[in-house]
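Here's a quick briefing to read alongside the model. Have the viewer open and follow along.

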Amino acid sequence: MNHITVHGKVTKKAEMKLLNINGEPVPVAIFTVVDIGLPYQQVEPTYFFVNYPKEAASLIAEYLVENKEILIHGTMRQKFAKDKDGNKVPRYYLRADMVELLPVFTQVSATKKEAENE
């Protein structure tokens, strides 16, 4: 497994599940993220299937909605699945150690412009 930091947007709203980990029930947020990255770094977007098994998952799950910009730190693993044509396609999975909700800067700048005009 590799440690990775992903800057992306949520593409599938988080679902909460209660899993039994080491004999104790742990809340897990499960969602999908697309890597934003930098425009010159990638040709196609990379999608990650994310599991966030922490107590904090239940607190932020309601904020993990489509198009929410987030930063994820965790470990990644890759598996291969077959597509319709039988070709192997990579699938990326993240086990998040930390999920950071990022502010929406476009709304902040619009608010500042409104304040300046008044």
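Which residue's side chain meets that of Lys12 in a salt bridge? The partner is Glu15, at 3.5 Å from N to O, where a salt bridge means a side-chain nitrogen of Lys or Arg within 4 Å of a carboxyl oxygen of Asp or Glu.

Before going further, some ground rules: this is a predicted model, so local features need pLDDT of at least 70 and side-chain atom pairs count only at pLDDT 80 or more, while totals for chains, interfaces and linings use all residues. Residues are numbered from 1 along each chain as its sequence is written, and side-chain values use heavy atoms, with hydrogens and water left out.

**Overall layout**

- The chain has two helices and five strands; these are DSSP runs numbered from the N terminus, with helices (H or I) of at least four residues and strands (E) of at least two.
- Going along the sequence, you get the pattern β-β-β-α-β-β-α.
- The five strands close into a barrel in the order E1-E2-E3-E5-E4, with mixed pairing; two strands pair if DSSP finds at least two bridges between them.
- From one strand to the next, the twist averages 40°, using axes that are lines fitted to C-alpha atoms (for helices, over the stretch in contact) and angles from 0 to 180 degrees between N-to-C directions.
- Of the contacts in the chain with a separation of 6 or more, 60% are between residues 24 or more positions apart; contact means heavy atoms within 4.5 Å.

**Surface and burial**

- Of the 118 residues in the chain, 27% are buried; the cut-offs are under 20% relative accessible area for buried, over 50% for exposed and partly exposed in between (1.4 Å probe, protein chains only).
- The chain exposes about 8,500 Å², and carbon and sulfur atoms supply 53% of that; areas come from the Shrake-Rupley method with a 1.4 Å probe, and for residues only the protein chains shown count as cover.
- Pro25 sits in strand E2 and counts as exposed, because its relative accessibility is 55%.
- Beyond its neighbours within four places in sequence, Pro25 is in contact with Leu18, Leu19 and Asn20.

**The nonpolar core**

- The largest nonpolar core has 19 residues; such a core is a set of buried Ala, Val, Leu, Ile, Met, Phe, Trp, Tyr and Cys residues joined through side-chain atoms within 4.5 Å.
- Those with the most contacts inside this core are Phe31, Val50, Tyr52, Leu64, Ile70, Ile72 and Val99.
- Strands E1 (2-21), E2 (24-35), E3 (47-52), E4 (69-82) and E5 (88-101), plus helix H1 (57-60), each supply at least two of the core residues.
- Val99 touches Phe31, Tyr52, Ile60, Leu64, Ile70, Leu71 and Ile72, leaving out residues up to four places away in sequence.

**Strand E3 and its partners**

- E2 and E3 run antiparallel, joined by six bridges.
- Across that pair, Ala29 has Tyr52 as its bridge partner, and Phe31 stands opposite Val50.
- E3 and E5 run parallel and share four bridges, with Phe49 standing opposite Tyr93.
- In a regular strand, side chains alternate between the two faces of the sheet.
- On E3, the covered face holds Phe48, Val50 and Tyr52, and the uncovered one holds Tyr47, Phe49 and Asn51.
- Phe49 is partly exposed, since its relative accessibility comes to 26%.
- Although 45 residues separate Phe49 and Leu94 along the chain, their C-alpha atoms are 6.1 Å apart.
- Ignoring residues up to four places away in sequence, Phe49 touches Phe31, Thr32, Arg91, Tyr92, Tyr93 and Leu94.

**Val34 on strand E2**

- Val34 lies in strand E2 and is buried, because its relative accessible area is 15%.
- Val34 and Thr46 are twelve residues apart in sequence, with 5.7 Å from C-alpha to C-alpha.
- The residues that Val34 touches, not counting those up to four places away in sequence, are His7, Gly8, Lys9, Thr11, Pro45, Thr46 and Tyr47.

**Salt bridges**

- The count comes to two salt bridges.
- In the Lys12 and Glu15 pair, Lys12 is partly exposed at 43% relative accessibility, and Glu15 is partly exposed at 38%.
- Arg95 and Asp97 also meet through their side chains, at 3.6 Å from N to O.
- Arg95 is partly exposed at 42%, as is Asp97 at 35%.
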